[in-house]
Amino acid sequence: MSEPTTSAVRKRVLLIDDEPLLLKSIARMIRSDHDTVLAFGGDKALETLAEDSNYDAIICDLMMPKVDGVQIYAALEESYPKLVPKLIFLSGGVFHERMTSFLEERELTLLDKPVGRVQLLEAIAAVG
C-alpha cells in the first residue's frame, strides 16, 4: 500500500541543489505527485528561471557554491516576486553568519536534510 499524497493538485516544482544524487533523489520522491524540473546548482537555476518562471513551488538547497540560496532568494525578489512565497529551502544545518542573519530576518520554509517524502509533499502543498 502506498503513502497517501498530501495534495490532490499536481504542481510544477523547480528543484535546485548542487549535489546531483540528492537532486535526483528528491525528484524521485515527488515525481509521482508533481512535475519536476531539475537545476544543478544556483547558477543553472537562474538560467532556468530566465527561460521559464512558471512554477508552483521551488525547493532550493540553502548552501551551494557560486550561487547560494540567499542569492536565489534575492533574484526571486527582484525578478520573480510572485515566486518568493513558493520557495522552500533545504539545509544540512551548518550556517555561517550571513545565512543565520538571512534566516532570522525572514519567515521562510526550511526543511532539514535528510528530508522525507511526506515532509516534501506537505511543504509543496503549503506553499501552493
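**Salt bridges in a predicted model**

The side chains of R117 and D33 meet in a salt bridge at 2.4 Å, N to O, where a salt bridge is a side-chain nitrogen of Lys or Arg within 4 Å of a carboxyl oxygen of Asp or Glu. R117 lies in helix α5 and D33 in the loop between α1 and β2 (35-40), so this pair ties together parts that are 84 residues apart in sequence. Helices (H or I, at least four residues) and strands (E, at least two) are DSSP runs, numbered from the N terminus. The structure holds 10 salt bridges.

This is a predicted model, in which local features need pLDDT of at least 70 and side-chain atom pairs count only at pLDDT 80 or more, while totals for chains, interfaces and linings use all residues. Residues are numbered from 1 along each chain as its sequence is written, and side-chain values use heavy atoms, with hydrogens and water left out.

**Pairs and their positions**

- D68 forms a salt bridge with R98, with the closest N and O atoms 2.6 Å apart.
- D68 lies in the loop between β3 (57-61) and α3 (69-79) and R98 in helix α4 (residues 97-104), so the pair ties together parts 30 residues apart in sequence.
- K113 and E19 meet through their side chains in a salt bridge (3.9 Å, N to O).
- This pair links distant parts of the chain, 94 residues apart: K113 is in the loop between β5 (109-112) and α5 (117-127), and E19 in the loop between β1 (12-17) and α1 (20-30).

**Network**

- A network of salt bridges links D17, E19, D61 and K113.

**Accessibility**

- D33 is buried, with a relative accessible area of 8%; buried means under 20%, exposed over 50% and partly exposed in between (1.4 Å probe, protein chains only).
- E19 counts as partly exposed, at 41% relative accessibility.
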